[in-house]
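Welcome! Take a moment to look over the model below, and then we can walk through it together.

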Amino acid sequence: LEFRRVLFRSKLDSAAREAAIRTLTHEGFAGAKDTLTSLLQPREPASVQAAAVKALGGFADPSVAAVLLEAWPRATPALREELLSALLARKDRIVALLAALESGRVPPGQVSGARRTPLLGHADAAIKARATALFGAGVSASRREAVAKYQAALATTGDASRGAKVF
């Protein structure tokens, strides 16, 4: 079990630790859960944390979502994207993510538009309805108003001489 010692040697390069993480996944979720969870700490390099999230995301166990969501508050924005990838990969995890969003455990503002889109257009009507309730139908009313306000400017013609004075 040399690979387990490699996992916690912070002085080793991240590539060796990431390879050890991939090896760890052969033990199954029950055997890997505690170790992978411990690698989701801010003291670990970002690449090691991302590898741990990817490894966790590869398991079909229903409790993976809880482990991933537990890491959310201390995750960097880049790691949150990895967490979202793993959470959005399976329907049971999507349901857990929506519950976390609804409870405020995961702030809706921390989910990018690119990650909202698949939820808002999800084939499952219940998931789509919950996502719509959380994020709205898409473009906000204030954004629509701003676009409408400047729509008239698209119809005007430019005057190069006036622009030359400014630049």
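Two residues are in contact when they have heavy atoms within 4.5 Å of each other. In this predicted model, residues 24 or more positions apart account for 56% of the protein chain's contacts with a separation of 6 or more.

The chain holds 11 helices and 0 strands. With a radius of gyration of 22 Å, well over the 15 Å that the globule rule gives for 167 residues, the chain is more spread out than a compact globule. Here are some values for the whole chain.

| Property of the protein chain | Value |
|---|---|
| Span of the C-alpha trace along its principal axes | about 75 × 45 × 25 Å |
| Buried share of the 167 residues | 31% |
| Accessible surface | about 9,700 Å² |
| Carbon and sulfur share of that surface | 58% |
| Distance between the mean positions of the 24 positive and 15 negative charges | 5 Å |

The largest nonpolar core has 42 residues, and I21, L36, L56, L68 and L83 touch the most other members. Among the elements that give two or more residues to this core are α2 (14-24), α8 (113-120) and α9 (125-135).

Helix α5 (residues 64-71) also gives two or more residues to the core. Is this helix mostly covered or mostly uncovered? Mostly covered: 6 of its 8 residues are buried, namely V64, A65, V67, L68, L69 and A71. Their cover includes α3 (28-38), α4 (46-57), α6 (77-87) and α7 (91-103).

Definitions and conventions: Residues are numbered from 1 along each chain as its sequence is written. This is a predicted model: local features need pLDDT of at least 70, side-chain atom pairs count only at pLDDT 80 or more; totals for chains, interfaces and linings use all residues. Side-chain values use heavy atoms; hydrogens and water are left out. Buried means under 20% relative accessible area, exposed over 50%, partly exposed in between (1.4 Å probe, protein chains only). Helices (H or I, at least four residues) and strands (E, at least two) are DSSP runs, numbered from the N terminus. A nonpolar core is a set of buried Ala, Val, Leu, Ile, Met, Phe, Trp, Tyr and Cys residues joined through side-chain atoms within 4.5 Å. The radius of gyration is taken over C-alpha atoms; the globule rule is 2.2 Å times the number of residues to the power 0.38. Accessible areas come from the Shrake-Rupley method with a 1.4 Å probe; for residues, only the protein chains shown count as cover. Lys and Arg count as positive and Asp and Glu as negative; His and the chain ends are not counted. The place of a charge is taken as NZ of Lys, CZ of Arg, CG of Asp or CD of Glu.
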